[in-house]
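Let me put the sequence and the structure up, and then we'll walk through a few spots together.

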Amino acid sequence: MRAGPGTGMTPEAGEPGQRLDKWLWVARFFKTRSLATEAVEGGRVHVDGLRAKPSRLVRPGSRVRVGKGDVELEVVVLGLAPQRRPFS
């Protein structure tokens, strides 16, 4: 498979990725994708220790730090879901 724009892959890694804002929404850190995008743009989300943009690709193994109010969570991405599913 060829890596490049629109494929969800990057040339340097060659592994599938998912946009940070979409992953935050699918993983249920935020109620809407718009809220996830606002949090990323506001600097409350970091990937692998660096401030990220909403379009940043996350992959299994990425470390994501999310600040929500007084709570700060740091998680390791274990997998990517193609779409948001019911909680239960």
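So, to start: leaving aside its neighbours within four places in sequence, which residues is L24 in contact with? Keep in mind that this is a predicted model. The list for L24 runs F29, F30, A36, V40, V45, V64 and V66.

Now zoom out a bit. The largest nonpolar core has 15 residues, and L24 is among those with the most contacts inside it, along with L20, V45 and V64. Two or more residues of this core come from each of α1 (20-26), α2 (33-41), β2 (45-47) and β5 (63-68).

Those last two strands bring me to the sheet. It's an open one, with four strands in the order β3-β2-β5-β6 and antiparallel pairing. At the edges you'll find β3 (50-51) and β6 (71-76), each with a single partner strand, so one side of each has no neighbour in the sheet. Between β2 and β5, which run antiparallel, there are three bridges.

Last stop, Q18, over in strand β1 (residues 18-19). Is Q18 buried or exposed? Buried, because its relative accessibility is 8%, and the cut-off for buried is under 20%. As for what's around Q18, leaving aside neighbours within four places in sequence, it is in contact with W23, R56, L57, V58, L80 and A81.

Definitions and conventions: Residues are numbered from 1 along each chain as its sequence is written. This is a predicted model: local features need pLDDT of at least 70, side-chain atom pairs count only at pLDDT 80 or more; totals for chains, interfaces and linings use all residues. Side-chain values use heavy atoms; hydrogens and water are left out. A nonpolar core is a set of buried Ala, Val, Leu, Ile, Met, Phe, Trp, Tyr and Cys residues joined through side-chain atoms within 4.5 Å. Buried means under 20% relative accessible area, exposed over 50%, partly exposed in between (1.4 Å probe, protein chains only). Contact means heavy atoms within 4.5 Å. Two strands pair if DSSP finds at least two bridges between them.
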